[in-house]
Amino acid sequence: MPPDVSAHGYRIDALINITLVFVTILFVIMCAWMAYSCLRHGRSHRARYDRASRRGIAVVLGFAGAVFFVVDGNLFVTSTLELKRIFWNFADADRAPDTVRIEINAHQWAWDARYAGNDGTFNTPDDVVTLNDIRVPVDAVVLLQLASVDVLHSFYLPNFRVKQDVVPGSINRLRFASRKLGVYEVGCAQHCGANHYKMRGELTVMPPAEFAVWLKEQSDEAVRVHEEALRNGFTPQMIERQWGWSWSENL
Amino acid sequence: MTVVHHIHPEPQGFWRKYIWSTDHKVIAKQFLWAGLIFLAVGGALAMMIRTQWAFPDAGLFTPAGYTRIFTMHGLIMIFFAITPILIGAFGNFTIPLLIGARDMAFPRLNAMSFWTFVVALIIVVASLLTPERGAGSGWTLYPPLSTNVGLPGWGQTLVLIALFVSGVSTIMGAVNYITTVIRFRAPGMTYMKMPLTVWGLWLTAILNLLFVPIIGSAALLLLFDRLFHTQFFIAGAMGGTGDPLLFQHLFWIFGHPEVYILILPVWGFVGDLVSFFARKPAFWYRGTVGALLIVTVLSALVYGHHMYVSGMSPMLGLAFEALTLSISVPAVVLFGNWLMTLWRGSIRLTVPMVAALATIFVFGLGGLTGLLLGTIVTDIYLHDTMWVVGHFHLTMAAATFLGSFAALYYWFPKMFGRELHAGLGHAHVLLSVVLITAVFGMQLLAGLAGQQRRLFDPFVYRYIEPLRDLNRATSYAAFALAASQLLFVCNFFNALVRGKRAEANPWQVGTLEWTISSPPPHYNFKDVPKVVTGPHEFANPVVLEKLGRDWLAQTEPDPALEPDEPGSQTSA
């Protein structure tokens with residue numbers, strides 16, 4: 001697996017690893033049983049006339065029960081808890097004081113990102129808009145709202161173990177948090193046309209202070225560009241960055 | 001009440017006998033030929049995908065061309081190769097013979113089902129001749145990509161029409177199979193005396209009848225969106241107030257049962273074959289039937305696990321997760337019963353038996369790797385990666401492929417009256433299972449490493465770059481797998497032309513098809529058989545003592561129950 005740089009990815013890795021151990025054990029038992037039967041119970045002796053001994057059925061059902069309660073049980077309980085606590089817990093992410101909110105607009109074949117900018121409100125001229133370049137401060141909870149203008153896409157952060165489909169006509173959410181500085185890759189995981197493979201973006205995890213400076217600069221720049229455009233006779237509707245939406249609290 | 005067809009004379013003209021035939025055995029062979037040819041086409045497309053991934057810089061394909069290749073690979077393999085082979089060929093051939101019927105309930109509907117299927121094949125081939133060269137949306141056909149927003153042109157449209165027409169063919173077949181099993185079982189062939197093969201095929205037919213209409217209607221709505229400017233599935237800035245997710249629901253409420261539609265017949269074959277060649281009664285037959293029934297019922301209740309990351313309600317996700325994981329119970333019962341059947345048997349490693357064991361092997365691996373996809377939190381990472389590709393190929397492709405070959409090696413003598421070469425068969429099956437495991441095992445590894453599926457050039461991503469060698473090795477294994485199929489092709493044609501004449505019962509098995517000549521006469525059973533024994537009556541000590549063999553035909557009563565009555569053996 002690619003290195004996990006997220007605050008919570010280890011939870012998914014741990015569940016994958018323990019399940020792989022279980023699965024390997026089950027598979028080895030099955031193979032050993034088949035191999036042993038083929039080697040020991042060949043032509044050399046007659047088959048036993050046995051349709052279903054009570055004990056045999058008990059073994060089969062006991063095994064089915066054990067797999068269900070141990071392997072499946074562990075998967076279900078862990079998965080449910082982790083979803084409630086972290087991965088699908090958008091309410092907590094919303095409440096956290098330092099949550100970074102970003103709107104993602106997917107289209108063939110790139111990712112636009114939008115930050116609220118200096119005024120803290122989305123869909124205003126001071127919004128910071130980037131292309132295939134998402135920046136987040138380290139350690140902070142990041143809450144994304146994702147939309148698509150054309151076809152299905154899927155926002156995928158392999159180093160963070162998360163992904164979320166992006167569906168035209170609706171807004172989906174994704175949360176993650178990083179714990180390591182660096183530049184990581186954003187991929188598209190849903191076939192979205194001929195250049196699906198090129199729909200690659202970058203996620204830069206920065207020190208919080210640097211992030212704040214970058215965001216301020218970009219926001220100031222956005223306001224300057226916006227005012228210049230208006231001075232040159234463009235109406236707001238004609239400006240290409242005009243795809244945002246007001247942050248939806250209730251999804 | 002059993003219904004019995006009258007015996008009609010066999011048609012003698014070439015056209016009536018081989019082309020416009022209503023004989024289920026001829027129609028089975030027609031489906032078999034069509035399926036095998038398209039299996040080769042789908043295989044060739046798979047090799048093109050593997051070539052692209054092994055040599056992405058060679059410039060062999062365009063990105064758009066590549067999307068057509070993997071889309072057509074998936075659709076052709078599922079709807080035009082596996083379906084006709086498993087259901088069209090083996091369903092047609094085995095159901096009447098195994099239940100003691102002279103033909104299908106509706107012989108003409110049966111022929112119509114095949115020729116409708118041929119129309120679908122022609123439309124698919126036509127789609128490949130359009131400027132777009134077929135569909136490019138992926139076999140899942142997700143809109144809006146599959147609408148004019150993403151892929152305008154006749155290539156995609158014709159493929160959708162072909163899918164719809166093949167669905168019509170499947171439904172006609174399903175009605176026929178269901179009716180045949182209900183009404184045309186020979187006297188005494190109770191449900192609990194049916195071979196597991198018939199159970200598998202019958203439940204498959206029921207699922208087909210219930211769920212193929214859903215994909216048919218989804219395809220139709222999608223066609224409306226493409227041709228008549230409706231907007232059922234179109235949304236976003238391109239206009240439209242439809243719902244792309246509605247299509248996903250419709251697709252997967254069919255698509256997940258489809259997985260079982262393809263695997264239930266294989267489970268039936270495997271259940272029978274492990275008993276036949278362990279020379280031992282199938283362990284806990286009722287448990288196996290129960291497990292098949294439970295899987296059939298659950299099949300449509302778990303489809304949501306394909307949509308965990310689509311943004312569905314968390315409650316819905318959890319419900320689908322619980323239902324999905326609960327499928328492990330009947331699955332473990334099935335596997336347990338097969339393994340218990342082997343235990344203390346007297347195993348004969350014939351070609352069909354090796355293929356059946358190979359099926360258990362690959363399906364075991366495929367089923368177990370599905371646990372991580374059925375669980376939401378791990379699916380969030382693994383969804384749409386090569387892990388999914390490896391998983392569903394092991395279950396839907398590898399298991400159905402090896403299961404089909406198990407069936408073909410087993411029934412070939414009955415179908416064609418000739419024997420296949422056992423050595424070549426063993427080599428083919430063993431090479432296939434080893435290479436299949438290599439190919440799809442390495443795909444699982446690539447998925448665990450995060451590689452997405454359907455990437456024209458996966459190595460534009462830095463984190464996939466280290467997997468270049470793994471992908472190339474997978475491709476070489478796939479090429480070897482394709483090459484090893486020549487063993488089968490040689491064996492098949494050689495046997496058809498020069499194979500040894502097959503005996504009536506070469507495997508020493510007691511189900512009804514082996515009580516008649518190989519190949520069976522036009523009307524199958526001159527006298528309708530009276531069934532008194534189960535399909536897996538092996539190793540009965542009284543039979544051994546009195547008849548000197550370890551098996552009992554389904555028409556023969558158990559001598560232990562009727563001791564020494566003169567003439568009690570095959571009366572009626």
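Biologist: Let's start with Gly169(A): where in chain A is this residue placed?

Modeller: Keep in mind that this is a predicted model. Gly169(A) sits in the loop between β7 (162-166) and β8 (172-177) of chain A.

Biologist: And is Gly169(A) buried or exposed?

Modeller: Exposed means over 50% relative accessible area. Gly169(A) comes out at 65%, so it counts as exposed.

Biologist: Which residues does Gly169(A) touch, leaving out those up to four places away in sequence?

Modeller: Ser148(A), plus Ala235(B) and Gly236(B) from chain B. There is also a C-alpha separation to look at: Gly169(A) and Val149(A) are 20 residues apart along the chain, with 7.8 Å between their C-alpha atoms.

Biologist: Next, Asp4(A). Is Asp4(A) buried or exposed?

Modeller: The cut-off for buried is under 20%. Asp4(A) has 11% relative accessibility, so it is buried. You'll find Asp4(A) in the segment before α1 (9-40) of chain A.

Biologist: What does the side chain of Asp4(A) have 3.1 Å away from one of its polar atoms?

Modeller: The backbone nitrogen of Tyr10(A). With residues up to four places away in sequence set aside, Asp4(A) touches Gly9(A), Tyr10(A), Asp13(A), Asn159(A), Arg161(A) and Arg179(A).

Biologist: Now backbone angles. Which phi value does Asn123(A) have?

Modeller: The thing to look for is a positive phi in a residue that isn't glycine. Asn123(A) is such a case, at about 70°. Asn123(A) belongs to the loop between β2 and β3 (128-131) of chain A, and its 32% relative accessibility makes it partly exposed.

Biologist: What about Asp384(B): what is its phi near?

Modeller: Near 60°, again positive and again not a glycine. Asp384(B) is in the loop between α12 (376-382) and α13 (386-416) of chain B. With a relative accessible area of 6%, Asp384(B) is buried.

Biologist: How do I read cis peptide bonds here?

Modeller: Look at omega. For the cis bond joining Gln108(A) and Trp109(A), omega is about -10°. Trp109(A) lies in the loop between β1 (100-107) and β2 (110-115) of chain A.

Biologist: Which residues does the cis peptide bond with omega of about 5° join?

Modeller: Pro143(B) and Pro144(B). Pro144(B) is in the loop between α4 (107-129) and α5 (154-183) of chain B.

Biologist: How many residues of α2(B) are buried?

Modeller: 23 of the 31, so α2(B) is largely enclosed by the rest of the structure. At the start of α2(B), a side-chain oxygen of Asp23(B) comes within 2.9 Å of the backbone nitrogen of Lys25(B).

Biologist: Last one: at what angle do α7 and α11 of chain B pack?

Modeller: About 130°, with the axes of α7 (residues 244-278) and α11 (residues 351-374) 9 Å apart. That angle makes α7(B) and α11(B) oblique to each other, and the crossing is left-handed.

Biologist: Which residues make the contact between α7(B) and α11(B)?

Modeller: On α7(B), they include Ile263(B), Val266(B), Trp267(B), Val270(B), Leu273(B), Val274(B) and Phe277(B). On α11(B), among them are Pro352(B), Met353(B), Ala356(B), Ile360(B) and Phe363(B). For reading such lists, an α-helix has 3.6 residues a turn, so residues three or four places apart point the same way.

Conventions. Residues numbered from 1 in each chain as written. Chains lettered and ligands numbered in written order. Predicted model: local features only at pLDDT ≥ 70, side-chain atom pairs only at ≥ 80, totals over all residues. Heavy atoms only, no water. Buried < 20%, exposed > 50% of the residue type's maximum accessible area, 1.4 Å probe, protein only. Helix = DSSP H or I, 4+ residues; strand = E, 2+ residues; numbered from the N terminus. Polar contact = N/O pair within 3.5 Å; in protein donor to acceptor, adjacent residues only side chain to side chain. Axes fitted to C-alpha atoms, helices over the stretch in contact; angles between N-to-C directions. Parallel < 35°, antiparallel > 145°, perpendicular 65-115°, else oblique. Left-handed = near helix turned anticlockwise from the far one by under 90°. Contact = heavy atoms within 4.5 Å.
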